[in-house]
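Dear colleague,

Please find below the structure that I am handing over to you. My findings follow it.

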Amino acid sequence: MSNTILEGFSLYKGKPLVKKDNVICYGDPSDKAILVLTVLTYKEVHGEQVPENILIQIQSTDKNLPIASRSLKQGMKTNLYEALDFGASWLENALQ
């Protein structure tokens, strides 16, 4: 992905990180896979809503596959940092 395209995105470990509603996408869409984190539930901590249950998915970016078949690997975490860190490792392995 070129630097001009990356300018509009937050980066984590050099890859784009985009959030919309309860879904966080991480990775370069031109790669063969991306990480998708879906926040399923929140909990209150010191008056703030923080993600509690997060679905981690490595998804293929192959548009020839049906959407239902794009999930390559999935799991759950109860902490957003752990979900992103764990998922980023999965993504790196999937891209090798």
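**Findings**

Please note at the outset that this is a predicted model.

I begin with the pairing of the strands. In this arrangement, Thr38 has Leu55 of β5 standing opposite. The strands β4 and β5 are antiparallel and are paired over twelve bridges. They make up a hairpin with two residues between them, and His46, which is in the turn, shows a positive phi of about 50°. On β5 there is a further pairing: six bridges connect β5 with strand β6 (residues 71-77), again in the antiparallel sense. Here Ile58 is placed opposite Lys73 of β6.

Tyr26 deserves a separate word. Beyond its neighbours within four places in sequence, Tyr26 is in contact with residues including Leu35, Leu84, Ala88 and Leu91. Its contacts also include Tyr12, Lys13, Lys15, Pro16 and Leu17.

Apart from neighbours within four places in sequence, Lys15 is in contact with Ser10, Tyr26, Gly27, Asp31, Leu91, Glu92 and Leu95.

Lys13 is located in the loop between β1 and β2 and has a positive phi of about 50°, although it is not a glycine. Asp21 is located in the loop between β2 and β3; its phi is near 55°, likewise a positive value in a residue other than glycine. Lys13 counts as exposed because its relative accessibility is 56%, and for Asp21 the relative accessibility is 56%, so that Asp21 counts as exposed.

Phe9, Leu11 and Val18 make a nonpolar patch of about 240 Å². Of these residues, Leu11 belongs to strand β1 (residues 10-12). With a relative accessibility of 47%, Leu11 counts as partly exposed.

Yours sincerely

Technical notes
Residues numbered from 1 in each chain as written. Predicted model: local features only at pLDDT ≥ 70, side-chain atom pairs only at ≥ 80, totals over all residues. Heavy atoms only, no water. Contact = heavy atoms within 4.5 Å. Pairing = 2+ DSSP bridges. Helix = DSSP H or I, 4+ residues; strand = E, 2+ residues; numbered from the N terminus. Patch = residues over 30% accessible without salt bridge, like charges linked within 9 Å, V, L, I, M, F, W, Y side chains within 5 Å. Areas by Shrake-Rupley, 256 points an atom, 1.4 Å probe, with all protein chains shown as cover. Salt bridge = Lys/Arg side-chain N within 4 Å of Asp/Glu carboxyl O. Buried < 20%, exposed > 50% of the residue type's maximum accessible area, 1.4 Å probe, protein only.
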